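Hello,

Here is the structure I promised to hand over. My notes follow below it.

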Amino acid sequence: MSSFPLFSGEAARTTGEVDAVFLFIVAIGLFFFFLTQGFLIYFAVRYRRRKGEPEAETPQITGSGMLEFIWVVIPSLLILAIFVVGWWGFRDLERPLPGAMEINVTARQWLWEFTYPDGRKVINELRIPVGRPVKLTMTSTDVIHGFYVPDYRLKQDVLPGRYTYLWLQPEKTGTFVIFCSQYCGTGHSAMLANLVVVTPEEFARWEKGPAEAAGGESLAHRGEELVEKSGCLACHSLDGSRKVGPTLKGLFGHQVELSDGSSVVADENYLKESIIDPGAKIVKGFPPVMPTFKGTLSDDDITAVIAYLKTLK
Ligand SMILES: [Cu+2]
């Protein structure tokens, strides 16, 4: 990842890259603003009609191939340059750094709920350690919300029925505001949360803090219980062997061949779809016999099951 020394001391790892694209576009805009306005004023003064001068006839100008070529090529190159600079930043925003801590985010009218790997749920406060990448897996229980941290220049819509992602790495301790960026009803303007960035030592202390703050049970552990009691193991093995259905071992993050010849990467959205709408994508070489668990497992349950499936490396 590139870093811009000009913007060192930014709140988060990718903040400077977003700012750089913004300033690059503003600089191009300002340059052409002053260039064109400068010519405008210069011509108005230079070619104004002076006192006593006869009215001159405007010459007929039919076009200039050279000029048109220039004003097509230069803007095209500039747009391409904006694309390239934007794409560098976009690429870094899309790819979390390895070793990211995973936190689930649930948005609902009108609050944010953060679920940590240990099952601890916190409302309207996302507490994370400085200098470590964090991957947020987000979903909504009702309408479309938007996770927005202006200080980090990061924004991502949060949708019901599927997962969206955002990753961030704080570089400074402090408290930053998380807004909802989608108008989601009467409580929208109050849908605020704090992003609290603390030192790693402070975070470790908080993580080990009073048990009543934690959900008591880790997310993956709850997922394991759900998989056992929902009957998944009648058809799926956890050790790599084939049963009625494919094994769940090592599934997450791997390429899955489908019966229609295409393939998908088993990410959170694929796993969720496999559980609530098993017929949507059939794994190659297996019969379409899996029942749907829509209504049996809640969205929270499915998030826990996915957290468990991720541990089956
Ligand atoms: Cu909202």
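Two residues count as in contact here if their C-beta atoms, placed from the backbone, lie within 7 Å. On that basis, take the contacts in the protein between residues at least 6 apart in sequence: 66% of them join residues at least 24 apart. Please keep in mind that this is a predicted model.

Overall form. The secondary structure comes to six helices and twelve strands. The C-alpha atoms fill a box of roughly 100 × 50 × 40 Å along the principal axes. The radius of gyration is 27 Å, whereas a compact globule of 313 residues would have one near 20 Å. Buried residues make up 22% of the 313.

Helix H6. This helix covers residues 299-311. Its 13 residues should span 18 Å at 1.5 Å a residue, and the end C-alpha atoms are 19 Å apart, so the two agree. The buried residues of H6 are Ile 302, Thr 303, Ala 304, Val 305, Ile 306, Ala 307, Tyr 308 and Leu 309. What covers them includes strand S1 (101-108), helix H4 (219-229) and helix H5 (268-276).

H4 against H6. The two axes come within 7 Å and cross at roughly 100 degrees. Angles of 65 to 115 degrees count as roughly perpendicular, and H4 and H6 are therefore roughly perpendicular to each other. On the H4 side, the contact is made by Leu 219, Ala 220, Arg 222, Gly 223, Glu 224, Leu 226 and Val 227. H6 brings Asp 301, Ala 304, Val 305, Ile 306, Ala 307, Tyr 308 and Thr 311. By class, that contact has nine nonpolar, two polar and three charged residues.

Best wishes

Definitions and conventions: Residues are numbered from 1 along each chain as its sequence is written. This is a predicted model: local features need pLDDT of at least 70, side-chain atom pairs count only at pLDDT 80 or more; totals for chains, interfaces and linings use all residues. Helices (H or I, at least four residues) and strands (E, at least two) are DSSP runs, numbered from the N terminus. The expected span of a helix is 1.5 Å times one less than its number of residues. A residue is buried if 20 or more other C-beta atoms lie within 10 Å of its own, exposed if 12 or fewer, and partly exposed in between; C-beta atoms are placed from the backbone. Axes are lines fitted to C-alpha atoms, for helices over the stretch in contact, and angles run from 0 to 180 degrees between N-to-C directions. Angles under 35 degrees count as roughly parallel, over 145 as roughly antiparallel, 65 to 115 as roughly perpendicular and the rest as oblique. Ala, Val, Leu, Ile, Met, Phe, Trp, Tyr, Cys and Pro count as nonpolar, Asp, Glu, Lys and Arg as charged, and the others, Gly among them, as polar. The radius of gyration is taken over C-alpha atoms; the globule rule is 2.2 Å times the number of residues to the power 0.38.
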